[in-house]
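Okay, morning everyone, thanks for making time.

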Amino acid sequence: MTVLIPILGDQLSHGLASLREVDQADAVVLMMEVADETTYVRHHPKKIALILSAMRHFAVELKRDGWRVDYVALDARGNTGSFTGEVARAVKRHAASAIRIVEAGEWRVQQMILGWEQTLGVPVEVLADDRFFCSTDDFRRWAKGRKSLVMEYFYREMRQQTGLLMTADGTPVGGKWNYDHDNRKTPPRGLNYPAPSRFTPDEMTRDVLALVAKRFGTHFGDLEPFAFPVTAAQARHALKHFITTALPGFGDYQDAMLSSQDTLYHSVLSPALNCGLLTPREVCDAAVAAYDAEDAPINAVEGFVRQILGWREYIRGMYWLEMPGFADANALRAMRPLPEFYWTAETDMRCLHIAVKDTRTHAYAHHIQRLMVLGNFAMLAGVDPKAIDDWFLIVYADAYQWVELPNVLGMSQHADGGRLASKPYAGGGAYINRMSDYCGRCRYDVKAKTGPDACPFNYLYWDFLARHARRFEHHPRMANMYRTWARMDDAHKRDVRASAKAFLESLKPAAEGWAR
Ligand code: FAD
Ligand code: DLZ
Ligand code: SF4
């Protein structure tokens with residue numbers, strides 16, 4: 001009897017549930033490079049290269065560890081181009097009597113897996129992905145019966161369940177659950193920011209880079225230089241580097257944006273975490289160990305652990321709770337096509353120009369660029385959530401639908417009507433100016449409120465509030481802003497609306513073909 005163990009491109013973890021409690025002699029691991037996955041959207045070339053290179057390295061490591069591995073390369077003869085097609089061929093090739101697989105990260109792929117037993121005629125065992133701290137069933141139980149699903153409460157339960165940053169008597173380390181009060185400072189001039197670690201491509205990665213250049217060279221984004229970790233050992237090195245160089249400053253300047261600094265104190269670990277080269281447990285343990293050794297302060301360590309144990313787990317829970325309807329959410333009825341500059345970076349708005357340029361070069365932008373620049377603009381401008389959702393899925397090396405979609409449709413676009421974040425993350429130019437050094441050299445005037453030279457975020461912000469007054473004016477955390485709007489004289493309000501209208505009409509929609 002042969003058990004076939006398919007391992008998907010975001011399941012590259014040696015401790016994966018499907019590799020445990022199975023006799024190597026009876027098993028064949030199947031790994032598949034398939035055209036459907038590389039092209040269901042036109043992923044950034046760096047993302048494709050990362051996944052294919054990490055898959056190839058992982059297969060070599062599995063063989064070294066004694067596994068029989070059947071690896072189907074993208075250009076292998078007979079490759080059907082789909083997971084289902086390749087699993088079907090492998091079942092025949094190995095006369096497999098059963099399939100054992102860890103549940104997929106994405107709804108789309110999980111639906112395929114759930115059809116295999118019937119179409120392939122062999123039993124399929126689907127295991128929970130226990131690399132996450134919280135199972136999808138446990139999240140469902142947590143959410144059941146709650147009117148509002150606040151991340152902070154979920155996070156506290158996760159702290160208690162895992163014991164991370166908890167004292168022996170069940171209280172949070174340091175006496176507080178959350179130290180954000182000490183974070184989010186404006187960065188002083190002249191800080192010496194640490195650089196994230198970079199890895200020189202080996203021969204295997206260079207082969208992948210050549211393949212990606214040939215097959216996907218026309219996708220949005222720069223393939224080279226390519227410096228992501230592609231093995232667990234490299235990813236652990238990157239983690240260690242982050243813990244020693246950047247973690248101590250993580251909390252303080254978490255919301256800052258600087259034109260000369262792409263990563264500030266962020267970890268840039270999400271590409272490795274999301275394809276499985278690191279587990280969330282080892283990342284949190286490393287951060288807590290730094291606190292225990294007095295190498296990093298509590299505000300930094302708690303803030304960092306919250307991103308992973310809190311936000312990352314909560315986002316995944318929300319995805320599985322709300323799918324498949326989540327993907328069609330459009331509570332604000334936004335219809336505008338995506339502006340062309342999301343693909344070209346050609347805009348005079350300096351904050352957006354820099355964020356798109358960074359994204360194109362690195363397949364990375366940090367959280368505040370994603371939320372308060374790229375996402376904020378799309379929401380204020382009323383961009384169709386499906387169009388901005390596609391964009392975010394394509395352009396980041398860490399983007400898989402389970403994590404991208406709730407962040408985009410829920411957190412940044414308010415398309416879910418406030419299920420994930422009760423209040424829209426909307427901000428005007430003053431917020432971006434306070435948190436960045438972008439505005440000083442922008443063609444627009446961040447202080448001006450209306451007219452052709454005013455910062456578009458300023459009038460778009462008020463125009464957004466005016467457009468959605470019925471929905472938000474009685475929201476307890478927004479009523480203040482509506483009172484300010486009500487106090488503005490009618491002529492100014494008309495200027496705001498006219499400036500917004502003229503600006504929005506001037507936006508060039510993206511040409512067809514960038515996304516799919
Ligand atoms: P750090 O700032 O160093 O944070 C540490 C880790 O915390 C991250 O590596 C990540 O694993 C986790 N984390 C932090 N915030 C979140 C969050 N909101 N959701 C899930 N995990 C989080 N993250 C993705 O992994 N993939 C995406 O496709 C993605 N799309 C996003 C789209 C939008 C509009 C927004 C607002 C956020 C998105 N995020 C996404 C969340 C977050 O921006 C990234 O996880 C983070 O920028 C990754 O960079 P980092 O590793 O340097 O993070
Ligand atoms: C994103 C991606 C890409 C570009 N290519 C592959 C691939 O060729 N083979 C593979 O196994 N996985 C790939 N992936 C990641 C998958 O899309 C991801 O594992 C699923 O979406 C998870 O549900
Ligand atoms: Fe962005 Fe406005 Fe600042 Fe220009 S002035 S960088 S558009 S926030």
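So, a word on domains before anything else: the bounds I'm using come from an automatic or database domain assignment. On that basis the chain splits into domain 1 (3-127), domain 2 (136-196 + 246-322) and domain 3 (341-506).

Some housekeeping. This is a predicted model, so local features need pLDDT of at least 70 and side-chain atom pairs count only at pLDDT 80 or more, while totals for chains, interfaces and linings use all residues. Residues are numbered from 1 along each chain as its sequence is written, and chains are lettered from A and ligands numbered from 1 in the order in which they are written.

Let's start with domains 1 and 2. Taken over C-alpha atoms, the centres of domain 1 and domain 2 are 31 Å apart. Domain 1 puts nine residues into the contact and domain 2 puts in six; contact here means C-beta atoms, placed from the backbone, within 7 Å. On the domain 1 side, that's four nonpolar, four polar and one charged. For those classes, Ala, Val, Leu, Ile, Met, Phe, Trp, Tyr, Cys and Pro are nonpolar, Asp, Glu, Lys and Arg are charged, and the others, Gly among them, are polar.

Now the ligands. A residue counts as near if its C-beta atom, placed from the backbone, lies within 6 Å of the molecule. Which residues come nearest to ligand 1? Out of 27 around it, they're His266, Ser267, Gln307, Ala399 and Glu404. The elements giving two or more residues to that shell are α9 (270-275), α11 (298-322), α14 (367-381) and α16. By helix I mean a DSSP run of H or I, at least four residues, and strands would be E, at least two, numbered from the N terminus. α16 gives the most to the ligand 1 shell, six residues. Domain 2 and domain 3 each provide at least three residues of that shell, and its classes come out as 13 nonpolar, ten polar and four charged.

Ligand 2 has 16 residues around it, and Leu8, Gly9, Glu37, Glu106 and Val109 come nearest. α1 (35-39) and α2 (45-64) each supply at least two of the shell. Here we've got eight nonpolar, four polar and four charged.

Ligand 3 is the one with the cysteines: 14 residues surround it, the closest being Met349, Cys351, Cys439, Cys442 and Cys455. Two or more residues each come from α13 (350-362), α17 (429-435) and α18 (456-467), and α17 has the largest share with three. That shell is eleven nonpolar, two polar and one charged.

Last bit, helix packing. Axes are lines fitted to C-alpha atoms, for helices over the stretch in contact, and angles run from 0 to 180 degrees between N-to-C directions. Under 35 degrees is roughly parallel, over 145 roughly antiparallel, 65 to 115 roughly perpendicular, and the rest oblique.

α15 (385-395) and α16 (401-412) pack at about 140°, axes 10 Å apart, which makes α15 oblique to α16. The residues in that contact include Phe392 of α15 and Leu405 of α16, and the whole set is seven nonpolar, one polar and two charged.

How are α18 and α21 arranged? Their angle is about 110°, with axes 8 Å apart, so they're roughly perpendicular to each other. Among the residues making this contact are Tyr459 and Trp462 of α18 and Arg497 and Phe503 of α21.

Terms used:
Contact = placed C-beta atoms within 7 Å.
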